[in-house]
Amino acid sequence: MPNLARPAALALVLAFAATGCGADVPSQEGTGEGARASGGHYPVTVENCGEKKTFERAPRRVVTNDVGITEIMFALGLEDHMAGYVMPDDKGDLTKVPWKDGYRKTEWLSKERITKELVLDARADLVFAGWNYGFNEGEGFTPAALRSVGVDSYLLSESCRNGRGKARGVMAPLDALYTDLRNLGKVFDVEDRAEALVSSFREQVAEARAKAPKGVDRPRVFLYDSGEDKPFTSGAFAGPHDIITKAGGDHVMKDLEDSWTTVGWETVVDRDPEVIVINDYGDTTAEQKRRFLMSYEPLANVSAVKNDRIVVLDYVDLVESPRNPAAVSSLAADLRRLGS
């Protein structure tokens, strides 16, 4: 099953990407007020979830929420601009990832939820989070609440609200990743590094797609996150859609115009997935989730269950993160193996 320790070739690709693929990256001394004073980079304006945001200098004390968001900063080499990160300790082995030095250099502020008090204690000037990735009206932790105390925010593009209630997603998942890399590259004056990452990731995805099943050979794939009464899964705007599709699968929930959402088991049965991908995180292990799927009577005649075609990807592979391209390669290999 896929895990954090990818095959050697993929690890080399990711490690290469993590160093900017040899790009001529501006030094940290070339960012912020110094660059602006020399007539350089600032102010800069980017569009984030439909809002124009202008930065007079590079933020210096960023707090990130969740693993994928944190690793976007690490992949861009921005540890020196971070006050710390917030995330639970159920996100796998962080010592084997290409950005492990980022975790070593950056303070783990909390393993609980992010709060305004935590952000203020960290003297943050920017919070990088997302709707349902830290920001939540019900708990009063929102960009507006931060703005009221003088802290700016940047929203994860996967989490952008799309105008249909609280549904999320305004662009294809990998496009969301590339958008955030380029936006943050501009905000922090590391555009060369961002472009190098995007180019490397596009190449990695294209290579996986070239080897992936095509046409009638594309297996129907369902993403199972959690839930027994009703399954929590992904729609067209969460990472699994692009990962499944570009790996050569037919995402059975591709018509859901949302990112992460709940459906009914009857919908899963009707669409008869041939492969199920388990999202591995939290207190319920991947093996416990697999046993539930294999023993749940309503799924007994679903092709993936009948043929025991269940694979596992880690949480950070499936939410927007710089591990998404490697997940495409990993799942493409699994689909080829299961189809042989």
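Q: Which residues does Met 82 touch, leaving aside those up to four places away in sequence?
A: In this predicted model, Met 82 touches Arg 60, Arg 61, Val 62, Thr 64, Thr 70, Met 73, Phe 74 and Thr 106. Met 82 itself belongs to strand β4, which spans residues 82-86.

Q: Why is Met 82 called buried?
A: A residue counts as buried when its relative accessible area is under 20%. Met 82 has a relative accessibility of 9%, and therefore counts as buried.

Q: What makes helix α3 mostly covered?
A: Helix α3 comprises residues 67-75, and nine of its nine residues are buried. They are Val 67, Gly 68, Ile 69, Thr 70, Glu 71, Ile 72, Met 73, Phe 74 and Ala 75. Just after α3 comes Gly 77, with a positive phi of about 70°.

Q: How do you know that the buried residues of helix α11 lie on the same side?
A: The buried residues of α11 (residues 286-295) are Ala 286, Lys 289, Phe 292 and Leu 293. They cover an arc of only 120° around the axis, and therefore share one side of α11.

Q: What do the buried residues of α11 pack against?
A: Their partners are the strands β9 (220-224), β13 (275-280) and β14 (310-314), together with the helices α10 (265-271) and α12 (303-306).

Q: Why are helices α7 and α8 called roughly antiparallel?
A: An angle over 145 degrees between the axes counts as roughly antiparallel. Helix α7 (residues 173-187) packs with α8 at an angle of about 165°, the axes being 7 Å apart. The two helices are therefore roughly antiparallel to each other. Their crossing is right-handed.

Q: Which residues make the contact between α7 and α8?
A: From α7 come Leu 174, Leu 177, Tyr 178, Leu 181, Arg 182, Gly 185 and Lys 186. From α8 come Glu 191, Ala 194, Glu 195, Leu 197, Val 198, Phe 201, Arg 202 and Val 205. The residues of this contact divide into nine nonpolar, one polar and five charged.

Q: What makes α8 and α14 roughly parallel?
A: Angles under 35 degrees count as roughly parallel. Helix α8 (residues 191-211) and helix α14 (residues 324-339) pack at about 10°, with their axes 8 Å apart. The two are therefore roughly parallel to each other. Phe 201, Gln 204, Val 205, Ala 208 and Lys 211 of α8 make the contact with Pro 325, Ala 326, Val 328, Ser 329, Ala 332 and Arg 336 of α14. These residues divide into seven nonpolar, two polar and two charged.

Q: Why is Asn 132 called exposed, whereas Asp 272 is called partly exposed?
A: Exposed means over 50% relative accessible area. Asn 132 has 56%, and is therefore exposed. Asp 272 has 21%, which lies between the 20% and 50% limits, so Asp 272 is partly exposed. Asn 132 lies in the loop between β6 (126-131) and β7 (134-135), and Asp 272 in the loop between α10 and β13. Neither is a glycine, yet Asn 132 has a positive phi of about 70° and Asp 272 one of about 45°.

How values were computed:
Residues numbered from 1 in each chain as written. Predicted model: local features only at pLDDT ≥ 70, side-chain atom pairs only at ≥ 80, totals over all residues. Heavy atoms only, no water. Helix = DSSP H or I, 4+ residues; strand = E, 2+ residues; numbered from the N terminus. Buried < 20%, exposed > 50% of the residue type's maximum accessible area, 1.4 Å probe, protein only. Contact = heavy atoms within 4.5 Å. Arc of directions from axis to C-beta. Axes fitted to C-alpha atoms, helices over the stretch in contact; angles between N-to-C directions. Parallel < 35°, antiparallel > 145°, perpendicular 65-115°, else oblique. Nonpolar A, V, L, I, M, F, W, Y, C, P; charged D, E, K, R; others polar. Left-handed = near helix turned anticlockwise from the far one by under 90°.
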